[in-house]
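Let's take a walk through this one together. Have a look at the chains first, and then we'll go from the overall build down to a single residue.

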Protein chains: 4
Amino acid sequence: MPTKRFFTLSGSCPDQIGIIARIASFIAEHKGWILESSYHADDGDSDHDSRYFMRMQVRADSLPFHLAEFRERFAPLAEELSMDWKISDSAVKRRVVVMVSKQEHCLYDLLARWQSRELDIEIPCVISNHDTFKAFVEWHGIPFHHVPISADNRHAAHAEIARIYDEVKGDTMVLARYMQILPAEMCTRYPGQVINIHHSFLPSFVGARPYHQAFRRGVKLIGATCHYVTPELDQGPIIEQDVIRIDHSDAVEDMVRYGKDIEKAVLARGLRYHLEDRVLLHANKTVIFR
Amino acid sequence: MPTKRFFTLSGSCPDQIGIIARIASFIAEHKGWILESSYHADDGDSDHDSRYFMRMQVRADSLPFHLAEFRERFAPLAEELSMDWKISDSAVKRRVVVMVSKQEHCLYDLLARWQSRELDIEIPCVISNHDTFKAFVEWHGIPFHHVPISADNRHAAHAEIARIYDEVKGDTMVLARYMQILPAEMCTRYPGQVINIHHSFLPSFVGARPYHQAFRRGVKLIGATCHYVTPELDQGPIIEQDVIRIDHSDAVEDMVRYGKDIEKAVLARGLRYHLEDRVLLHANKTVIFR
Amino acid sequence: MPTKRFFTLSGSCPDQIGIIARIASFIAEHKGWILESSYHADDGDSDHDSRYFMRMQVRADSLPFHLAEFRERFAPLAEELSMDWKISDSAVKRRVVVMVSKQEHCLYDLLARWQSRELDIEIPCVISNHDTFKAFVEWHGIPFHHVPISADNRHAAHAEIARIYDEVKGDTMVLARYMQILPAEMCTRYPGQVINIHHSFLPSFVGARPYHQAFRRGVKLIGATCHYVTPELDQGPIIEQDVIRIDHSDAVEDMVRYGKDIEKAVLARGLRYHLEDRVLLHANKTVIFR
Amino acid sequence: MPTKRFFTLSGSCPDQIGIIARIASFIAEHKGWILESSYHADDGDSDHDSRYFMRMQVRADSLPFHLAEFRERFAPLAEELSMDWKISDSAVKRRVVVMVSKQEHCLYDLLARWQSRELDIEIPCVISNHDTFKAFVEWHGIPFHHVPISADNRHAAHAEIARIYDEVKGDTMVLARYMQILPAEMCTRYPGQVINIHHSFLPSFVGARPYHQAFRRGVKLIGATCHYVTPELDQGPIIEQDVIRIDHSDAVEDMVRYGKDIEKAVLARGLRYHLEDRVLLHANKTVIFR
């Protein structure tokens with residue numbers, strides 16, 4: 001990670017000869033200093049053509065212009081290459097709305113990283129279907145919204161969550177062990193913005209109570225999965241996963257406890273990749289430039 | 001692991017007060033020196049009663065008798081406790097029949113461990129549906145049986161495998177990437193004797209071509225599972241599992257390559273637990289005393 | 001982990017025939033229900049005799065007496081066996097004094113576990129040489145003591161820390177990235193009570209700035225070590241360790257960030273082992289009954 | 001890993017603006033199809049300037065010329081950039097001389113990978129100071145040289161090893177648990193060609209009997225390190241490392257056994273990185289493009 005201010009240019013396009021040459025030449029013409037860069041070409045197969053993915057960090061002070069002008073100047077080349085792309089500025093903080101229920105581990109972990117600026121983001125608010133963490137969150141100077149959800153008010157509650165998210169100009173929504181399923185329309189409305197931490201090593205044990213499922217099957221490792229939320233429950237593109245060893249002496253309660261440690265670590269890593277534009281979507285999979 | 005000759009007593013029974021006291025007292029009365037011992041009590045729940053599991057290693061030279069007399073003297077106590085139990089002698093080598101197809105990694109790995117006596121077993125023969133490794137196996141002085149399998153001869157081939165296994169007095173059959181499904185009757189005939197290495201982190205990706213399935217799902221870790229073979233394909237009790245990290249740049253071929261390293265390591269560990277009577281079955285799960 | 005109230009009996013003694021039998025029989029005579037038990041016999045060598053270690057959890061409601069009477073009745077047997085032993089009651093919370101400086105990760109992590117009762121302890125106070133976390137700690141209802149340390153007041157400051165620790169009846173002191181070296185006399189005064197988290201995979205990189213040392217050496221994994229503090233800096237008995245993979249693109253700052261995740265996880269595991277009497281000292285090493 | 005024939009261009013040079021642009025443009029001008037590419041810029045500090053590292057794989061059939069002409073055409077650009085560089089052809093097999101003593105695990109592992117062409121190399125010969133594996137190696141059709149080493153013949157033996165290595169045109173020498181120290185002059189003569197597997201997590205436990213050292217210190221993880229051999233014993237640039245968990249019940253013999261599994265895995269990974277030109281030296285450290 002560079003310590004100086006930089007722009008991150010990332011994107012993907014159909015593969016062809018000369019992509020790196022053209023983009024790197026564009027940067028070099030403007031005296032851009034490339035700090036870190038990563039490329040990946042997907043092989044392609046009978047179902048789809050080969051696709052090219054890239055991510056570059058360029059020192060902000062090496063370029064003679066800022067994002068708006070960069071975007072304008074780069075657009076024609078991107079169009080020629082049919083590239084889906086974006087550019088971001090390390091000096092502009094991302095706005096991450098955190099959703100929680102009653103479990104504390106991911107929330108404490110995220111706030112510790114936020115308060116030490118290890119995670120250099122704005123948290124415009126925390127939203128919860130319970131008021132368990134209201135005082136704790138507010139103590140940190142972060143607004144807390146209690147949006148209860150029941151069978152009766154589900155539709156209105158989801159609308160309220162979307163309203164708050166829009167109002168605070170959130171660009172990322174983190175389900176930090178938020179124990180409610182988002183409706184398909186919200187997943188579709190914020191594509192690639194909603195990140196969940198699932199308490200199993202997907203695709204094993206989809207759905208409810210994965211630790212109980214794992215216990216019954218007698219697996220020797222349990223895991224956690226950080227993924228983008230899509231309308232298909234637990235089927236979204238996987239960003240990060242990890243596992244931890246258990247044994248026959250561990251009851252479901254022990255697995256829950258071990259699992260928390262994995263969940264918060266995997267969520268923190270996955271969220272960081274997302275915030276640093278290290279994650280590029282490729283159908284239902286991800287390219288992660290670490 | 002003790003280096004001196006020892007007996008391993010292992011078993012399980014319904015839990016009650018005083019089991020350890022009674023068994024340990026039995027051993028102590030005969031001046032038995034316990035080298036290593038492990039106990040586990042399953043909690044029990046509404047579906048089943050609490051069950052007790054144990055494993056002890058006793059120095060052979062500390063007891064005034066050998067296995068036959070031990071068995072006779074211990075039987076009444078075991079009966080009182082309704083214990084399923086067995087005792088084995090570290091000086092008697094287990095007889096492990098290895099089954100392979102065309103992949104080399106598990107076979108080389110097992111033979112390296114065997115020839116250095118790290119794995120102190122007899123391999124009375126290797127059986128394969130191909131003759132790929134005939135010369136290699138025979139060079140080690142181990143008989144090799146080529147038992148081809150086709151749609152036509154399946155029944156006869158399986159009978160031949162069972163015949164050889166019985167003839168050489170095998171007590172363990174290892175499917176070291178043997179790419180044929182054993183018939184249900186063979187699984188039933190040799191319960192708790194047939195060990196398979198499956199190339200996925202079960203229960204993810206059961207069935208054929210797990211690496212292709214993993215590639216399509218975009219998981220970030222792949223794994224391997226060592227389990228007992230039962231009539232239900234890939235559903236037997238899990239002995240050992242492990243995973244390895246992959247990323248977007250890994251094609252299926254790379255995953256196969258990484259997977260081999262996990263497969264042979266997991267198989268070797270699982271087999272060792274089995275051979276040292278460290279694995280106790282508990283319905284479709286295992287208690288592993290490491 | 002049992003969920004019902006239990007006593008934990010742990011200890012070690014010179015190895016001989018019949019130890020388990022005698023202790024388990026003592027428990028059984030009083031109708032004690034053993035929930036979990038672990039034994040280990042150290043092999044011994046030319047330098048020292050073989051030693052026996054054990055840990056048992058007994059259901060509190062299965063015994064006809066409480067700790068005081070247990071201690072009285074068990075003492076003669078323990079004396080015969082020359083056993084160093086203790087017994088604790090799961091219903092009595094341990095009193096853990098947390099020491100911090102300016103880094104937040106271990107403190108947030110411990111308080112999250114404490115507030116969810118995953119770590120079911122009393123934290124009678126937090127002591128720090130800085131006042132950075134005063135408000136945060138006090139918000140949780142935990143007293144905070146600011147004991148600044150400088151070259152001039154070192155002796156008085158250490159005395160003050162000991163005074164507070166004694167006053168609050170602490171039984172465990174956790175150095176949660178407390179960046180001051182405790183004097184030898186304090187290590188000696190509270191043997192087996194002071195736990196530190198060191199930010200390297202000891203014995204690599206003892207002393208100051210281990211991440212800088214690791215960076216210069218070009219290692220591919222960095223680690224953390226939880227250990228008891230003894231008068232010899234970074235030489236105390238190791239309780240737990242773990243590592244995380246890094247690569248050439250990681251600067252020292254990245255290593256610090258990765259390291260935090262390992263440090264808090266390793267400290268939490270090590271502390272739990274200690275609090276549950278799973279750690280038995282054996283010269284400068286530990287036996288950990290997990 | 002691409003499956004088609006490709007050239008690998010790798011190197012490093014002082015960092016400046018426009019390096020990627022110029023090199024990628026050179027490739028693109030000749031219609032070279034870049035399959036995989038990696039870049040890293042070292043930050044630099046007060047002691048040294050920032051340095052740039054790169055590795056590219058280009059489809060062989062996309063270029064209008066072969067290596068000789070590539071080298072000629074690329075040389076002027078490389079000179080302008082003051083680049084240390086090389087290019088290799090995936091169709092030309094590397095020539096790896098394997099050195100062993102009496103331990104089998106790394107040798108079996110390498111030969112299994114070689115025979116399945118997972119490791120697509122030539123092994124022109126195996127050299128050993130013992131004849132333990134003569135028959136095994138020769139059975140594979142690989143020449144075996146027994147070069148005994150004693151206090152008396154050390155100099156002559158080393159000369160003989162160098163003579164054989166030169167004669168068979170080795171380009172890589174692998175010390176696959178070869179239990180002899182190479183003389184400084186041989187390390188200097190074949191810089192970046194000699195790879196060792198050390199049975200500890202360096203820099204812990206340098207020198208002899210690392211498992212005994214680890215046992216005495218009571219560490220909870222043991223490891224292995226693959227590194228280039230330099231005149232300073234166990235101090236060469238580290239290529240790869242890994243660890244495995246142990247506990248108090250593991251004797252030195254168990255650690256040796258666990259260690260073997262780590263050693264062969266780490267050696268195989270490190271060797272692969274080396275053979276695929278993924279390792280770039282940077283003073284006493286390595287940049288590894290995975």
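A residue is called buried if 20 or more other C-beta atoms lie within 10 Å of its own, exposed if 12 or fewer do, and partly exposed in between, with C-beta atoms placed from the backbone. By that rule, 43% of the 290 residues of chain A are buried. Keep in mind that this is a predicted model, where local features need pLDDT of at least 70, side-chain atom pairs count only at pLDDT 80 or more, and totals for chains, interfaces and linings use all residues. Residues are numbered from 1 along each chain as its sequence is written, while chains are lettered from A and ligands numbered from 1 in the order in which they are written.

Now for the outline of chain A. Its C-alpha trace spans about 60 × 45 × 35 Å along the principal axes.

Finally, zoom in on C:Ile239. This residue is buried, with 26 other C-beta atoms within 10 Å. Its contacts (C-beta atoms, placed from the backbone, within 7 Å) beyond four places in sequence include C:Cys226, C:Tyr273 and C:Ile288. The C-alpha of C:Ala75, 164 residues apart along the chain, is separated from that of C:Ile239 by 28 Å.

Definitions and conventions
Contact = placed C-beta atoms within 7 Å.
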